[in-house]
Amino acid sequence: MSAGQSRFGYVFVSGYTLLLVAFGLLPTLYALFLSFTRNGVFVGFDNFVRVFNDYRFLPAVGHVALYVVFWLISLIVLVVVLAIVVHGIRVRWLGDTARFLFYIPGAIAGASSVLLWLFVLDPSVSPVSALLRAMGYESLVNVVAVGNLPVVFTVIAFWAGAGGWIVIMYGALNNISADIMEAARIDGAGALQVAWHIQLPMLTKWISYMGIMSLAAGTQLFVEPKVLAQATKNVVPEDYSLNQLAYLYAFRQGDFSGSAAISVMLLVVALGLSTIFIFRGKLFERD
Amino acid sequence: MTDLAVRRRRRALTPGQWIGRAFVAVVLLAFAAFFILPIIWLLLAPTKTNSELLLSGPFAFGSFEQLAANWNELFAFGSGVFAVWLGNSAFYSFTALAITLIVSVPAGYALALIEFKGRRILLVTTLIVMLIPNTALVLPIFLELSAARLIGSPLAVILPFSFFPFGVYLTYIYFSTAVSRDLLNAARIDGAGEFRVFAQVAMPLATPVIALVGFFSFVANWNNYFLPFLVVGGQKIPVQVGLANLLSNVPAFNPTTASSIVIQLPTLALATLLSVAPILLIFLFAQRFLVEGMTAGGTKE
C-alpha cells in the first residue's frame with residue numbers, strides 16, 4: 001500500500017463518513033447528552049427514573065413485548081415452513097409464482113400498508129367481512145380493540161415483511177447441494193425428515209439473523225399504532241408503544257430529555273442486538 | 001435402488017404422500033390468498049362508489065367513470081394537495097437517492113479495494129448501524145435537527161435519507177468479490193491515477209450493484225413515514241404522511257370529523273393505491289432481478 005493510495009481512500013470515504021457522523025454518531029451522542037441532563041445540567045439517571053415511573057411506560061413495554069413475541073414466533077415458524085414448501089415445488093413456474101406472490105406485499109409499507117389493513121379489518125368494506133363477522137366483529141373498533149392489537153400488528157407486519165424473508169430462506173435452501181438431498185431421499189428419508197434433519201440445520205444462521213433483525217425492528221413499533229390511533233379517534237391509544245410515548249414526550253410535553261431517555265433505551269437494545277450479532281454471528285465474516 | 005424402482009415409487013403415491021401433497025397445496029393456496037387478495041381489493045376499490053364499496057361483492061369491478069370521479073375528487077381535495085405530496089415524495093426520494101449513490105459507491109469501493117488507516121473501524125461501524133432498525137435513530141435525529149434549527153427544511157428529510165449504510169455494505173461486498181485488485185493494479189502500472197482507476201475500471205463493472213442500491217434506497221425512502229412525520233409539516237410533507245392525515249377527513253372512520261370537506265372511502269383507497277404505485281411498479285418490472293439480488297447478496301428487508 002502506498003501513501004498516495006491511502007490518501008485516495010480517505011477522499012473516497014469522506015462523503016459517506018460525513019453522513020455517518022452527522023446522522024449516526026452525532027444524534028446518538030446528542031440523545032445520550034440530553035438523556036443525562038436537564039436544561040444543560042447533568043442530572044444522572046433522573047430522566048430515566050422519571051420516564052420509568054410514568055404510568056404509561058410499563059404498559060407500553062408490555063404492549064411492545066407481547067407484540068414482539070407474537071411476531072417472532074409466527075414469523076419464524078411460518079417463514080421456515082413456507083420457504084421449505086415453496087422450495088419443494090418441482091414445477092418451476094409454480095414455485096416462481098408463489099415466491100412472487102409472497103414477496104409483492106413488500107412493496108406496500110409504512111402508512112400505506114396500515115391504511116390498506118384498515119380497509120381489510122373494517123367489516124363494512126372488508127374483502128373478508130364474512131370471516132370477521134363469523135368471529136363476532138361488527139365494526140372496525142371491535143376488531144382493533146386493545147387486546148387484539150398484538151395479533152393485528154403481527155398480521156400487518158407479517159403480510160408486508162414475510163415475503164422478503166421467504167425469498168432469502170429460499171436462496172439459502174438452494175445452497176444445499178443436490179447430492180445430499182438426493183442421497184437422503186435414496187436412503188428413504190421422507191420430505192419431513194429431510195426438512196427436519198437437513199434443511200432446518202442449514203437455515204439456523206439465517207433464522208437467527210431474521211429473529212434478531214425482527215426483534216430489533218419490533219421494539220420500534222410506531223407507524224401502525226400511530227395511524228390506527230388517528231383512524232379510530234384514540235380507541236387505539238396514542239401511547240400504546242414506546243416510540244409513541246417518546247414522541248408524546250417531545251411533541252406534547254416539550255420534554256426533550258424524557259424523549260431522549262426513551263430513545264436511548266430503545267437504541268441500546270438495537271445496538272446491543274446488532275453488535276452481538278456481528279461479533280458472534282458468522283454471517284458477515286468476509287474481512 | 002435402480003432407476004426404474006425409483007420411478008415406480010414416485011408414481012405410486014402412498015396415502016401418506018397424498019395427504020402430504022394436499023396439505024402443501026392447501027397451505028400454498030391459503031397464503032397466496034392472504035398475500036395477494038388485499039392488493040387485488042385495493043386495485044378494484046377505487047372503481048366503485050361509496051355505496052358500491054359497502055354493498056357489492058368485494059372483488060367486483062365498478063366502472064371507469066367512477067374511477068375518474070374518485071380521481072377528480074382526490075386531486076381536487078385541498079386544492080390539489082395530494083399532487084403536492086406526491087411531488088414532495090419524489091423530490092425527497094430522488095435527491096436522497098442521488099446523494100446516496102454519489103457517496104456510497106466510492107465508499108464501498110475504497111473499503112473493499114484500498115488500504116487505509118481506520119478502514120476496519122469504518123467497516124464495523126457501518127455494519128452495526130446497518131443492522132439497527134432505521135427507526136431507532138429517528139427521534140435522536142429529530143432532536144439533533146431541532147437543536148440545529150433545521151426542522152421544516154427539506155434538508156431535514158433529504159440528508160438523513162441519504163445516509164444509507166446498507167448501500168455501502170452492498171457495494172463493499174460487490175467490489176470485494178467482483179473486482180480483483182490485480183485488475184486495478186494493472187491499470188495503475190499503465191499509469192492511471194486513482195480517480196481514473198475508479199471511474200474507468202471499477203465503475204463500468206458496478207452497474208448491477210448501483211441498480212440494487214438505488215432500488216433499496218428509493219423504496220426505503222419513499223415508504224418512510226416516521227422521519228418526515230417529525231421533521232416537516234404543512235405543504236412539505238411527503239405522501240406517506242399526507243395519507244395518514246387524510247384519515248381525519250374520512251367520515252366512515254371518523255364519525256366525529258368536523259371538517260366540511262370529506263373524503264369517501266373509495267377515494268381514500270385510491271390515495272392508498274397511488275401512494276404505493278411507484279414502488280409496486282418497480283417491484284413488478286424488476287421482479288426477477290430483485291429476487292436474484294436478494295437471494296444472492298441482499299440480507300436486509
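# Exercises on a predicted two-chain model

**Exercise 1. Determine how helix H2 and helix H13 of chain A are oriented towards each other, and which residues join them.**

Solution. Helix H2 (residues 46-53) and helix H13 (residues 256-280) of chain A pack with their axes 9 Å apart, at an angle of about 85°. The structure is a predicted model, and the values in these exercises are computed from it.

Step 1. Two packed helices are described by the angle between their axes and the distance between the axes. Angles of 65 to 115 degrees count as roughly perpendicular. H2(A) and H13(A) are therefore roughly perpendicular to each other.

Step 2. On the H2(A) side, the residues that meet H13(A) are Asn47(A), Phe48(A), Arg50(A) and Val51(A). Their counterparts in H13(A) are Ser257(A), Gly258(A), Ala261(A) and Ile262(A).

Step 3. Sorted by class, this contact has 4 nonpolar, 3 polar and 1 charged residues.

**Exercise 2. Describe the overall make-up of chain A.**

Solution. Step 1. Chain A contains 13 helices and 2 strands.

Step 1. The C-alpha trace of chain A spans about 70 × 70 × 30 Å along its principal axes.

Step 2. Chain A has 287 residues, of which 45% count as buried.

Step 3. Among the contacts in chain A with a separation of 6 or more, 68% are between residues 24 or more positions apart.

**Exercise 3. State how chain A is divided into domains, and which elements of domain 1 touch domain 2.**

Solution. Step 1. The division gives domain 1 (1-44) and domain 2 (55-280) of chain A.

Step 1. Taken over C-alpha atoms, the centres of these two domains of chain A are separated by 32 Å.

Step 2. In the contact between them, 7 residues of domain 1 of chain A meet 7 residues of domain 2 of chain A.

Step 3. On the domain 1 side, H1 and strand E1 (37-38) of chain A are the elements that give two or more residues. H1(A) gives the most, with 5 residues.

Step 4. The side of domain 1 of chain A that touches domain 2 of chain A divides into 3 nonpolar, 3 polar and 1 charged.

**Exercise 4. Carry out the corresponding analysis for the domains of chain B.**

Solution. Step 1. The domain assignment of chain B gives domain 1 (14-69) and domain 2 (76-296).

Step 1. The C-alpha centres of these domains of chain B lie 31 Å apart. Their contact takes 8 residues from domain 1 of chain B and 7 residues from domain 2 of chain B.

Step 2. Helix H2 (15-44) and helix H3 (50-55) of chain B each supply at least two residues of the domain 1 side. That side of domain 1 of chain B comprises 5 nonpolar, 2 polar and 1 charged residues.

**Exercise 5. Relate the features listed by UniProt to the secondary structure of the model.**

Solution. Step 1. In an unreviewed entry, UniProt lists residues 61-277 of chain A for "domain: ABC transmembrane type-1". This span of chain A is 76% helix and 0% strand, with its end C-alpha atoms 23 Å apart.

Step 1. For "transmembrane region", the unreviewed UniProt entry lists several spans of chain A, including 12-33 and 256-279. Residues 12-33 of chain A are 100% helix, and their end C-alpha atoms are 31 Å apart. Residues 256-279 of chain A are also 100% helix, with end C-alpha atoms 33 Å apart.

Step 2. For chain B, UniProt (unreviewed entry) places "transmembrane region" at spans that include 121-143 and 195-220. Residues 121-143 of chain B are 74% helix, with end C-alpha atoms 26 Å apart. Residues 195-220 of chain B are 96% helix, with end C-alpha atoms 30 Å apart.

Terms used
Residues numbered from 1 in each chain as written. Chains lettered and ligands numbered in written order. Predicted model: local features only at pLDDT ≥ 70, side-chain atom pairs only at ≥ 80, totals over all residues. UniProt positions renumbered as here; feature names shortened; annotations may be inferred. Helix = DSSP H or I, 4+ residues; strand = E, 2+ residues; numbered from the N terminus. Domains from an automatic or database assignment. Contact = placed C-beta atoms within 7 Å. Nonpolar A, V, L, I, M, F, W, Y, C, P; charged D, E, K, R; others polar. Axes fitted to C-alpha atoms, helices over the stretch in contact; angles between N-to-C directions. Parallel < 35°, antiparallel > 145°, perpendicular 65-115°, else oblique. Buried ≥ 20, exposed ≤ 12 C-beta atoms within 10 Å, placed from the backbone.
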